There are 2 protein chains.
Amino acid sequence: MKFYDCSTAPSPRRVRIFIAEKGLDIETVNIDLRKKAEQMSDEFRAINPYCTVPVLELDDGTHLVTTAGIWQCLEEMHPNPPLMGATAAEKGVIGDLQWHIEFDGFMAMAEALRNSVPGMKGRALPGPDDFEQIPELAERGKARVQLFLGRVDAMISDKPFVAGDNYSVADIDLMIMIDFAGWLKMRLPEDAPNAQRWYESVSSRPSAKL
Amino acid sequence: MKFYDCSTAPSPRRVRIFIAEKGLDIETVNIDLRKKAEQMSDEFRAINPYCTVPVLELDDGTHLVTTAGIWQCLEEMHPNPPLMGATAAEKGVIGDLQWHIEFDGFMAMAEALRNSVPGMKGRALPGPDDFEQIPELAERGKARVQLFLGRVDAMISDKPFVAGDNYSVADIDLMIMIDFAGWLKMRLPEDAPNAQRWYESVSSRPSAKL
């Protein structure tokens, strides 16, 4: 098994932390997305035609090319500790939360960033196709990130973790989204004690350093 | 258990077909998203503050509010026939395909539609917040849908189903995405024999009538 990672990007960090929380040791290859744009090379396209990381290469040569697919596969191979829920209801609740964090939070932030920074001109979406930046979309993305960050306190409420008593992929994605929002200097509101308490707790786990 | 559906919308159809393929019988409530905008009512906000369908109410009163969460929960409760993969590798491959179909296909189509049709003015995103339409985003969405539809033939290749030998959530989402694209008169290319053969096959299943 081989994990194609990029140490500076938020997306593969979702898998990096998952692997660490499972206590797995997987051979890792770093792909330089910035200076070298290695993900667009012919060599990497043969591994993943979508030109993105993370990628997990299975022992039979199959390449899994999304966080969703990689998580599902590793969760089934290594069920403990469960990071996607131990019961049907937990799987449902974690699936819900993770989906909304990914789409209302993470993707809104990616929209804001990719449609505004000069280094991403012509690359407003990840993947093999080039799209021009849309300034209005950058503004909408920022507005959505603000709304999202303002709701984290209620999402956490008095629970230890996003989905309740146990750490899960919802915590992984929410922490990474908040760190990612920092790239555009957007932060959790100061008057968000539940969110702040939760963020400090998950950020102090050894896996969060990765 | 209770399923909040909307018979005219593509998103809850993803759950409707899943339930039918599992052979389940779940009490269903129809929410009128069009004329009555029932999803924005105080009554429905108490069920789902995101103001979207599908919603699945569990027997303990928990509301699952995304297709992702509902699928995970029902798959665990009723594992047969598996619609999300029987082995770890299958779960990974289906997770990958479903994610790309949802994001490159379904969401691009939603972007194209919501940012262009007069009836969705001020409602360019689903959910509780109002966003104005961005015409450039409608154009980008259409371009992405065209690219996506042009790649379905290679995605299917010579396989009976999207992920291989077994029908899965990837087939559900791809079929619904193609039907959804028809709303803007976008279709599979004519010279796409694998895609056409697969589409006819999945569309002839009894669940596809739902």
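This is a predicted model: local features need pLDDT of at least 70, side-chain atom pairs count only at pLDDT 80 or more; totals for chains, interfaces and linings use all residues.
## Where the two chains touch

Let's turn to the contact between the chains. On each side, 28 residues take part: 28 of chain B are in contact with 28 of chain A. Three helices of chain B, namely α3 (67–77), α4 (88–114) and α5 (135–156), each supply at least two residues of the side that touches chain A. The largest share comes from α4(B), with nine residues.

What kinds of residue make up the side of chain B that touches chain A? By class, there are 15 nonpolar, seven polar and six charged residues.

## A helix pair across the chains

One helix pair to look for in the viewer is α3 (residues 67–77) of chain A with α4(B). Their axes lie 7 Å apart, and the two helices pack at an angle of about 160°. That angle makes α3(A) roughly antiparallel to α4(B), because angles over 145 degrees count as such. The crossing of α3(A) past α4(B) is right-handed.

To find this contact, pick out A68(A), G69(A), I70(A), Q72(A), C73(A), E76(A) and M77(A) on α3(A). Facing them on α4(B) are A88(B), A89(B), K91(B), G92(B), V93(B), G95(B), D96(B) and W99(B). The contact of α3(A) with α4(B) has eight nonpolar, four polar and three charged residues.

## A helix pair inside chain A

Chain A also has a helix pair of its own to explore. Helix α4 (residues 88–114) and helix α6 (residues 169–181) of chain A have axes that come within 9 Å and cross at roughly 15°. Are these two helices roughly parallel or roughly antiparallel? An angle under 35 degrees counts as roughly parallel, and α4(A) and α6(A) are therefore roughly parallel to each other. Their crossing is left-handed.

On the α4(A) side, the residues that meet α6(A) are I94(A), L97(A), Q98(A), I101(A), E102(A), G105(A), F106(A) and M109(A). Their counterparts in α6(A) are V169(A), A170(A), D173(A), L174(A), M177(A), F180(A) and A181(A). The residues of this contact divide into eleven nonpolar, two polar and two charged.

## The sheet of chain A

Now for the strands. In chain A, four of them form an open sheet in the order β2-β1-β3-β4, with mixed pairing. The edge strands of chain A are β2 (27–30) and β4 (63–64), each of which pairs on one side only. Strand β3 (residues 55–57) of chain A runs antiparallel to β4(A), and two bridges join them.

Chain B has an open sheet of four strands in the order β2-β1-β3-β4, and its pairing is mixed. At the edges stand β2 (27–30) and β4 of chain B, each with a single partner strand, so one side of each is left without a neighbour in the sheet.

How many bridges pair strand β1 (residues 2–5) of chain B with β2(B)? There are four, and these two strands pair in the parallel sense. To locate a bridge, find F3(B), whose partner in β2(B) is T28(B).

Note on methods: Residues are numbered from 1 along each chain as its sequence is written. Chains are lettered from A and ligands numbered from 1 in the order in which they are written. Two residues are in contact if their C-beta atoms, placed from the backbone, lie within 7 Å. Ala, Val, Leu, Ile, Met, Phe, Trp, Tyr, Cys and Pro count as nonpolar, Asp, Glu, Lys and Arg as charged, and the others, Gly among them, as polar. Axes are lines fitted to C-alpha atoms, for helices over the stretch in contact, and angles run from 0 to 180 degrees between N-to-C directions. Angles under 35 degrees count as roughly parallel, over 145 as roughly antiparallel, 65 to 115 as roughly perpendicular and the rest as oblique. A crossing is left-handed if the near helix is turned anticlockwise from the far one by less than a right angle, and right-handed if clockwise. Two strands pair if DSSP finds at least two bridges between them.
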